[in-house]
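Trainee: Could you walk me through this structure step by step? I would like to learn how to read it.

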Amino acid sequence: MKGRGWIGLGAMVVLVFVLVLLRGTGTQSQSPEHASGSDAADGTSALRAYAAALGHPSGSVEGDFTLSSSSGLLFVFTPTNGFSAVEVQQLNSWIQSGGVVVYAAETGEPQLDTQFGLRRSPIAVPATAHAGAPILGGVDTVSGAGEAHAFRPSASQVPLLRNPAGDVLALRQDVGHGQLVALADPLILCNGYLGKPDNGRLAADLLAMTPAGGQVWFDEFHHGAAASASPETAWMTTPWGMALVAMVVIVFAGLALRGRAFGPRIPLRAREDRSSAEYAVAVGSLLHRTGARRVTLEALLSATRRAVAQRVGLGGDVPSDRLNATIQQRAPEAAAALARAEGELEAASGSEGQVLELARRLHDVAYPSLKESA
């Protein structure tokens with residue numbers, strides 16, 4: 001029975017390992033948000049490489065949504081994390097200062113659509129489109145998805161692409177010193193479709209809109225690319241790393257659940273109060289091991305003085321400066337013995353024998369009744 005349990009645990013480990021690997025492979029075959037780091041058919045890694053081939057350095061916005069201080073061209077593909085009001089205003093200010101934004105999303109992002117006055121038809125229309133005016137050089141017919149939600153442009157928005165029915169599938173709008181280009185079908189610029197001649201020409205025309213000396217950027221922050229993982233933990237985000245972590249967790253849980261004790265459980269002993277004698281022995285042993293003879297004699301002298309004071313009827317509230325005088329009045333013999341012992345402290349601390357002798361004398365002063373009975 002024990003062997004079967006370990007076989008079941010091993011089967012679970014292998015199953016999780018395979019599932020994590022399949023999950024890692026699946027994420028590479030599809031990129032619905034059109035990430036620039038994905039080589040899937042609907043990713044945009046080819047567009048980023050195309051920009052580099054045309055002489056435009058590229059980068060990605062991730063970690064936080066901070067745009068470059070200089071003008072450039074920013075691709076925003078199908079945000080999976082919505083824009084905040086602050087981020088929309090930051091993007092609008094960047095465009096007004098001369099930046100260019102290519103915004104491609106199937107259904108749009110509410111904050112961006114509202115900011116730039118983009119209105120979309122609620123019903124999808126055929127997405128194959130042609131250039132409605134000779135604005136895009138060499139572009140005739142582009143295609144990607146089968147259907148898309150067309151724009152309903154305002155007077156300030158210039159149609160760039162229309163389908164055979166005249167529905168607008170791409171438009172351009174001036175925003176301050178910059179421009180916004182909106183596409184209803186992002187697949188036109190994705191890996192699996194960029195190889196079509198007119199799709200590639202459209203991508204080249206869009207990249208040519210990059211301001212002189214500017215850089216091409218891809219917004220990955222709104223695809224969930226938060227602050228980058230440290231090199232020490234980055235391996236855990238890979239398929240093999242996740243499989244290894246899952247295996248370690250399962251093995252640990254299995255060992256914890258199937259663990260066996262090395263012997264019977266021993267209950268903890270109830271805590272008992274120690275006697276005063278034990279504390280006295282412990283303190284005496286400590287003083288003996290440290291060789292603190294003078295400290296020992298001073299402690300004994302102080303204890304003897306308190307014992308004598310209690311015997312002659314003095315309370316614990318008598319000030320120390322009056323204690324000796326009061327003992328002198330009520331017990332002159334004891335006071336004289338205490339004075340002699342105090343004078344011999346230095347000499348008696350020379351050896352353990354002398355310490356023991358003085359301790360016996362102080363004990364007799366503190367408890368004379370015990371000496372008489374002896």
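Mentor: Let's begin with a definition: helices (H or I, at least four residues) and strands (E, at least two) are DSSP runs, numbered from the N terminus. This is a predicted model, in which local features need pLDDT of at least 70, side-chain atom pairs count only at pLDDT 80 or more, and totals for chains, interfaces and linings use all residues. Residues are numbered from 1 along each chain as its sequence is written, and side-chain values use heavy atoms, with hydrogens and water left out.

Trainee: How many helices and strands are there in the chain?

Mentor: Counting the runs just defined, we get two kinds of element. The chain has 14 helices and eleven strands.

Trainee: What share of the residues in the chain is buried?

Mentor: Buried means under 20% relative accessible area, exposed over 50%, and partly exposed in between (1.4 Å probe, protein chains only). Of the 374 residues in the chain, the buried share is 37%.

Trainee: Is serine 121 buried or exposed?

Mentor: Serine 121 sits in strand E4, which covers residues 120-126. Its relative accessibility is 15%, so serine 121 counts as buried.

Trainee: Which backbone oxygen does the side chain of serine 121 reach?

Mentor: Here we need the polar contact: a pair of N or O atoms within 3.5 Å, where within protein one must be able to donate a hydrogen and the other to accept it, and residues adjacent in sequence count only if both atoms are side-chain atoms. The side chain of serine 121 makes its reach at 3.0 Å, and the backbone oxygen belongs to isoleucine 123.

Trainee: Which residues is serine 121 in contact with, leaving aside its neighbours within four places in sequence?

Mentor: Contact means heavy atoms within 4.5 Å. With those neighbours left aside, the partners of serine 121 are His149, Ala150 and Arg152.

Trainee: Is glutamate 33 buried or exposed, and what is its relative accessible area?

Mentor: Glutamate 33 lies in the loop between helix H1 (2-29) and helix H2 (45-53). Beyond its neighbours within four places in sequence, it is in contact with Phe77, Thr78, Thr80 and His223. Glutamate 33 is buried, and its relative accessible area is 19%.

Trainee: How many residues of strand E3 are buried?

Mentor: E3 (residues 100-104) has both faces covered, with Val100, Val102 and Ala104 on one side and Val101 and Tyr103 on the other. The number of buried residues in this strand is five of five.

Trainee: Which residue in E3 is the bridge partner of leucine 74?

Mentor: Two strands pair if DSSP finds at least two bridges between them. Strand E2 (residues 73-77) and E3 pair in the parallel sense over five bridges. Within E3, the partner of leucine 74 is valine 101.

Trainee: Which residue in the turn between E8 and E9 has a positive phi?

Mentor: Strands E8 (residues 157-162) and E9 (residues 168-175) pair in the antiparallel sense over five bridges. Arginine 162 stands opposite valine 168 in E9. The two strands form a hairpin with five residues between them, and the residue with a positive phi of about 90 degrees is glycine 166.

Trainee: Is H9 roughly parallel or roughly antiparallel to H13?

Mentor: Axes are lines fitted to C-alpha atoms, for helices over the stretch in contact, and angles run from 0 to 180 degrees between N-to-C directions. Angles under 35 degrees count as roughly parallel, over 145 as roughly antiparallel, 65 to 115 as roughly perpendicular and the rest as oblique. H9 and helix H13 (residues 352-366) pack at about 10 degrees, with their axes 9 Å apart. That makes the pair roughly parallel.

Trainee: And is H9 roughly parallel or roughly antiparallel to H11?

Mentor: The axes of H9 (residues 293-311) and H11 (residues 332-343) come within 11 Å and cross at roughly 175 degrees. That makes H9 and H11 roughly antiparallel.
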